[in-house]
Amino acid sequence: MYTFTMGRCIVITSGKGGVGKTTVTAGLGLALAKNKSRVIVVDADITLNNLDLVLGLEGNVVYDLNDVILGKCRLSQALVQHPNTSLRLLPSIRGEDIPLRDFRKVMLELKEDSDFLLIDCPAGLDEGFTRAVDSASEAIVVTTPTPSAIRDADKVISVLNKMKIKRASLVVNRVRGDLVVEGSMLSPEEIANLLKIRLIGCIPEDDHALDYTGLGHEEHSLAIKMLARYISVGSGEIFDATDNFRGLLGGLRRILKKV
Ligand SMILES: Nc1ncnc2c1ncn2[C@@H]1O[C@H](COP(=O)(O)OP(=O)(O)O)[C@@H](O)[C@H]1O
Ligand SMILES: [Mg+2]
């Protein structure tokens, strides 16, 4: 018997810009796709669209979301296939103004064709945010351990609570394990407690350039993999960025980090 299932639609949001929404969307999308899920990632950030670049797919973009809405191409033609995984990207172009109703219609079609539909949300809380969140039933709030990012995450969470999002969860990005051990950076757990939201992921600060064409640095990929697992299963272990900085060797690593 054929059972019809709609994909889980998850919006990746933050309030503040530059905290890692696009990086998390790309990494998570690839990690989920490697686990044999059908994944579609949507660039709903119309002001700073760069999901194609982070995924190394910018050279393959022919059509975009606006072309689909204007009827210039079919939805399937606009989707860019990732070369090594099942991930597909729906790109957008800078500055296009997309009515909520049209966006919703496209997202509905994409949900029917995927297991996971990940929407990369723009910063801020204006109509771009509302449009990106509208189709999702789950939200991942990304923050960094800085006061301004945490305050913006708090604002986003209170707005999400008033919308029809069933579940909002937290990912803390750019965590420096050495600073957490020393007590000069809040831990992801402390941030989640402050924000009163479920923590599902911790992504360490990566000193190396993040490059999703090659899938980034080892620790970073592990943290993303753990996040993908948490999301698929609904529970699981969270990456511990402090692990390398405890004990005698950890103390040495902390000192070396400062040199
Ligand atoms: N864990 C990390 N470690 C180091 N740099 C990061 C990390 N996450 C994101 N970045 C960098 O931060 C910048 C902003 O990330 P991006 O994903 O574009 O943020 P957003 O989409 O929220 O604006 C990028 O240059 C990205 O490479
Ligand atoms: Mg972005």
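Trainee: What should I know before reading it?

Mentor: Residues are numbered from 1 along each chain as its sequence is written, and chains are lettered from A and ligands numbered from 1 in the order in which they are written. In this predicted model, local features need pLDDT of at least 70 and side-chain atom pairs count only at pLDDT 80 or more, while totals for chains, interfaces and linings use all residues.

Trainee: How many helices and strands does the chain have?

Mentor: Both are DSSP runs numbered from the N terminus: helices are H or I, at least four residues, and strands are E, at least two. Here there are 11 helices and eight strands. The radius of gyration (over C-alpha atoms) is set against the globule rule, 2.2 Å times the number of residues to the power 0.38. The chain has 18 Å, close to the 18 Å given by the rule for 259 residues, so it is as compact as a globular protein of that length. Its C-alpha trace spans about 60 × 45 × 40 Å along the principal axes.

Trainee: Which residues come nearest to ligand 1?

Mentor: A residue is near a molecule if its C-beta atom, placed from the backbone, lies within 6 Å of it. Of 14 residues around ligand 1, the nearest are Gly-20, Lys-21, Thr-22, Thr-23 and Asp-206. α1 (21-34) and β7 (167-175) each supply at least two residues of the shell. α1 gives the most, three.

Trainee: And the classes?

Mentor: Ala, Val, Leu, Ile, Met, Phe, Trp, Tyr, Cys and Pro count as nonpolar, Asp, Glu, Lys and Arg as charged, and the others, Gly among them, as polar. The shell around ligand 1 has three nonpolar, seven polar and four charged residues.

Trainee: At what angle do α1 and α10 pack?

Mentor: Axes are lines fitted to C-alpha atoms, for helices over the stretch in contact; angles run from 0 to 180 degrees between N-to-C directions. α1 and α10 (residues 218-233) pack at about 65°, axes 9 Å apart. Under 35 degrees is roughly parallel, over 145 roughly antiparallel, 65 to 115 roughly perpendicular, the rest oblique. So α1 is roughly perpendicular to α10.

Trainee: How do α7 and α9 compare?

Mentor: The axes of α7 (residues 147-162) and α9 (residues 188-195) come within 10 Å and cross at roughly 45°. The two are therefore oblique to each other. By class, their contact has six nonpolar, no polar and one charged residues.
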